[in-house]
Amino acid sequence: MLTPSTEIWVDIAQRFYTQWNLPNCTGSIDGKHIRVKAPSNSGSAFVNYKGFFSIVLLAVADGDGLFVTVDIGEYARNRDGRAFQCSEL
């Protein structure tokens, strides 16, 4: 997935403002734990707070709910905030 340009972010912010009356919003972000088969020799890095193996999918959506960018693969032991901090965003 390509990194959005400044022009695209401005267009997304304008859409959020016209559709949802949210000024200066460039996307909605959320993380989701995706259950995976335990990687070999992974130890506890991929075990999440619910006790199963997963990776974190972090996604940003535009005002219409379409993905703008995603970051996949953060360790499950990390929360959404840490996944965001470690992402390219």
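The chain contains 2 helices and 3 strands, and these follow one another along the sequence in the order α-β-β-β-α. The radius of gyration is 15 Å, well over the 12 Å given by the globule rule for 89 residues, so the chain is more spread out than a compact globule. The model described here is a predicted one. Taken along the principal axes, the box filled by the C-alpha atoms is roughly 50 × 25 × 20 Å.

Contacts and surface were examined for the whole chain. Among contacts with a separation of 6 or more, 43% are accounted for by residues 24 or more positions apart. Of the 89 residues in the chain, 30% are buried.

The interior was considered next. In soluble globular proteins, nonpolar side chains tend to be buried together. In this chain, the largest nonpolar core consists of 5 residues, namely I12, F16, C25, V60 and V68. One member of this core, F16, also has a list of contacts beyond its sequence neighbours: with residues up to four places away left out, F16 touches N21, L22, C25, T26, G27, S28, A61, D62 and G63.

N21 has a positive phi of about 60° although it is not a glycine. For N24, which is not a glycine, phi is positive at about 60°. The relative accessibility of N24 is 75%; because exposed means over 50%, N24 counts as exposed.

Aromatic rings were examined last. A pair of aromatic rings is described by the distance of the centres and the angle of the planes. In this model the count of aromatic pairs is 0. A ring does take part in an arrangement with a charge: the charged end of R35 sits over the ring of F52, at 3.8 Å from the ring centre.

Conventions:
Residues numbered from 1 in each chain as written. Predicted model: local features only at pLDDT ≥ 70, side-chain atom pairs only at ≥ 80, totals over all residues. Heavy atoms only, no water. Phe/Tyr/Trp six-rings, centres within 6.5 Å; stacked < 30°, edge-to-face > 60°. Lys NZ or Arg CZ within 6 Å of the ring centre and 35° of its normal. Core = buried A, V, L, I, M, F, W, Y, C linked by side-chain atoms within 4.5 Å. Buried < 20%, exposed > 50% of the residue type's maximum accessible area, 1.4 Å probe, protein only. Contact = heavy atoms within 4.5 Å. Helix = DSSP H or I, 4+ residues; strand = E, 2+ residues; numbered from the N terminus. Rg over C-alpha atoms; globule rule 2.2 N^0.38 Å.
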